[in-house]
Amino acid sequence: MSVYLHFFALFVKTFRSNCLTLQNKLHINRMARILAIDYGKKRTGLAVTDELQIIANGLTTVATVDLVDFILDYVKKEPVELIVVGLPKQMNNQPSENMGRIRPFVGHLRKLLPDIPVEYHDERFTSVLAHQAILQSGIGKMARRNKELVDEVSATIILQSYMESRRMR
């Protein structure tokens with residue numbers, strides 16, 4: 001399995017390098033990033049696109065109490081054109097209990113950053129998919145128990161799913 005991961009990492013590195021080379025040759029202006037949030041009661045996973053909005057990358061996991069400060073600091077350093085927040089739904093399409101915490105957070109974020117739109121995107125199964133991706137990555141058993149990693153990978157899956165759905169529109 002690790003051979004596949006090595007080749008995948010090499011592919012991503014080469015792909016990014018080729019994109020940046022093409023961008024520089026064509027004098028393409030860099031686009032702003034898309035930031036994705038997997039909001040949790042204690043921790044929140046964050047992911048971000050590259051400047052060309054082609055690849056979703058895990059950014060970090062922060063304590064939810066520090067989330068607003070982290071986002072405000074991040075948007076000062078990096079151009080962000082959109083924030084995507086995972087929409088927690090149950091299988092019957094009803095909002096999960098976490099929506100009661102997410103809705104006020106999104107309202108607050110929209111007031112603090114009125115020039116950056118905030119959208120919801122369905123986050124069903126992202127934790128399951130994150131656990132599977134981590135398991136298949138071949139990392140050790142102790143590292144797989146790292147809840148921060150699961151949150152960050154979940155945010156990356158939310159962002160990748162959002163980008164794919166946008167391409168299909």
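Visitor: What lies 2.8 Å from a polar atom of the Arg33 side chain?
Guide: The backbone oxygen of Thr49. A polar contact is a pair of N or O atoms within 3.5 Å; within protein, one must be able to donate a hydrogen and the other to accept it, and residues adjacent in sequence count only if both atoms are side-chain atoms.

Visitor: What sort of model is this?
Guide: A predicted one: local features need pLDDT of at least 70 and side-chain atom pairs pLDDT 80 or more, while totals for chains, interfaces and linings use all residues. Numbering runs from 1 along each chain as its sequence is written, and side-chain values use heavy atoms, with hydrogens and water left out.

Visitor: Where is Arg33?
Guide: In strand β1, residues 33-38. Strands (E, at least two residues) and helices (H or I, at least four) are DSSP runs, numbered from the N terminus.

Visitor: Buried or exposed?
Guide: Arg33 has a relative accessible area of 13%, so it is buried. Buried is under 20%, exposed over 50%, partly exposed in between (1.4 Å probe, protein chains only).

Visitor: What is Arg33 in contact with?
Guide: Beyond four places in sequence, its contacts include Asp50, Glu51, Tyr74, Glu78 and Glu81. Contact means heavy atoms within 4.5 Å.

Visitor: New topic. How many residues are in the largest nonpolar core?
Guide: 23. Ile37, Leu67, Ile71, Ile83, Phe105 and Leu109 touch the most other members. At least two residues each come from β1, β2 (43-49), α2 (67-77), β4 (80-87) and α3 (99-112). Such a core is a set of buried Ala, Val, Leu, Ile, Met, Phe, Trp, Tyr and Cys residues joined through side-chain atoms within 4.5 Å.

Visitor: What else is there besides that core?
Guide: A second, separate core of 11 residues. Leu82, Val84, Ala155 and Ile158 are among them.

Visitor: How many aromatic pairs?
Guide: 2. Rings of Phe, Tyr and Trp (its six-membered ring) pair if their centres lie within 6.5 Å; planes under 30 degrees apart are stacked, over 60 edge-to-face, the rest tilted.

Visitor: Why is the Tyr39 and Phe105 pair called tilted?
Guide: Because their planes are at 35°, with centres 4.9 Å apart. Tyr39 sits in the loop between β1 and β2, and Phe105 in helix α3, 66 residues apart. Phe105 is buried at 6%.

Visitor: And Phe70 with Tyr74: what geometry?
Guide: Stacked, 6.4 Å centre to centre and 10° between the planes. Both lie in helix α2, 4 residues apart. Phe70 is partly exposed at 27%, while Tyr74 is buried at 10%.
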